[in-house]
Structure formats: structure tokens, C-alpha cells
Amino acid sequence: MTILPNQSGTFMDYPYANLGNSFQTYYSSNPTQQPIITITEDGHKITEMVTKVYASNSKNKNAVKNFKLSATVVANLEGQNIIYSDIYPSLDIKYSQNNMGRNFDLIIRDRSFIEQIPSQFQKLMIEETVT
């Protein structure tokens, strides 16, 4: 389930792709600026894009700190993973592709990210648009 440079002839503005499953996934150069596209086995198109990362309190999920997402990131391929570095300083997002589908993780690279979060923070939230 390796993610490779996109040489499929489809969605050529998407530099990376996984075509080894019953569905195909096309990865943009920045998932906060351009959605990731999945074409299902029956031909349906699903898009998903990270739109917001914020710290919240647990009672009402109000944002206590919004993190402005970067327009410029660096994508690194590592087998079944693609890691987008610095979607916010010291914060990366890693997508993992496997037989069952795809998932993602936020990676906090160092303490400087945590130090920006107000003391009333209880959760780190991520929002994405899925169509």
C-alpha cells in the first residue's frame, strides 16, 4: 500500500498517489490547501481537507486557541506514509495508507508547540471538510 509519485495520468496536479488498493487515493502537496481525493471501488469521488486545528476546553469544545495552518509545507514519502511537515510550526500531519483504508495522526515535534497552548486547554481538535 505504498504511496508513490503520481504517474497515473489522473489528477496530475496531485503529486502523490496510492493506486494499490481497491480504491485510489491522490495526495495533494498540502492537505490544508487542496483536498485529498479518494476514488472508491464503485467510482465515487470523496474529498477531504484539513480546515482547522485548535485547542479547546472539554466542556463546550470552544476554541481557546486557533492555529493558523501553513500555506507552505513539505511532503515526505515513507512507504505507506506521507508526512506533511509544518502544517503549523512544530506540528506535522501523517497519513498512513493500508489495506483497510487511510488514517492520519498529528505529530507534535517539540515542546514549542505545546507552550503556545493556553492553560485552560484540555483537547487538541482537528476539523476537516469531507465531501
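## Salt bridges in this predicted model

The structure holds 4 salt bridges, each a side-chain nitrogen of Lys or Arg within 4 Å of a carboxyl oxygen of Asp or Glu. This is a predicted model, in which local features need pLDDT of at least 70, side-chain atom pairs count only at pLDDT 80 or more, and totals for chains, interfaces and linings use all residues. Residues are numbered from 1 along each chain as its sequence is written, and side-chain values use heavy atoms, leaving out hydrogens and water.

| Pair | Distance |
|---|---|
| Glutamate 48 and arginine 102 | 2.3 Å |
| Arginine 109 and aspartate 86 | 2.9 Å |
| Arginine 109 and aspartate 92 | 2.4 Å |

Glutamate 48 and arginine 102 form a salt bridge. Glutamate 48 sits in strand E5 (residues 45–56) and arginine 102 in strand E10 (residues 101–108), so their pairing ties together parts 54 residues apart in sequence. Strands (E) are DSSP runs of at least two residues and helices (H or I) of at least four, numbered from the N terminus. Glutamate 48 is buried at 11% relative accessible area, while arginine 102 is partly exposed at 23%; buried means under 20%, exposed over 50% and partly exposed in between (1.4 Å probe, protein chains only).

Now for arginine 109, which bridges to aspartate 86. Arginine 109 lies in the loop between E10 and helix H1 (111–114) and aspartate 86 in strand E8 (residues 81–88), so this pair links parts 23 residues apart in sequence. Arginine 109 also meets aspartate 92 in a salt bridge. Aspartate 92 belongs to strand E9 (residues 91–98), so that pair ties together parts 17 residues apart in sequence. Through shared partners, Asp86, Asp92 and Arg109 join into one network. Within it, aspartate 92 is buried at 5%, whereas aspartate 86 is partly exposed at 32% and arginine 109 is partly exposed at 40%.
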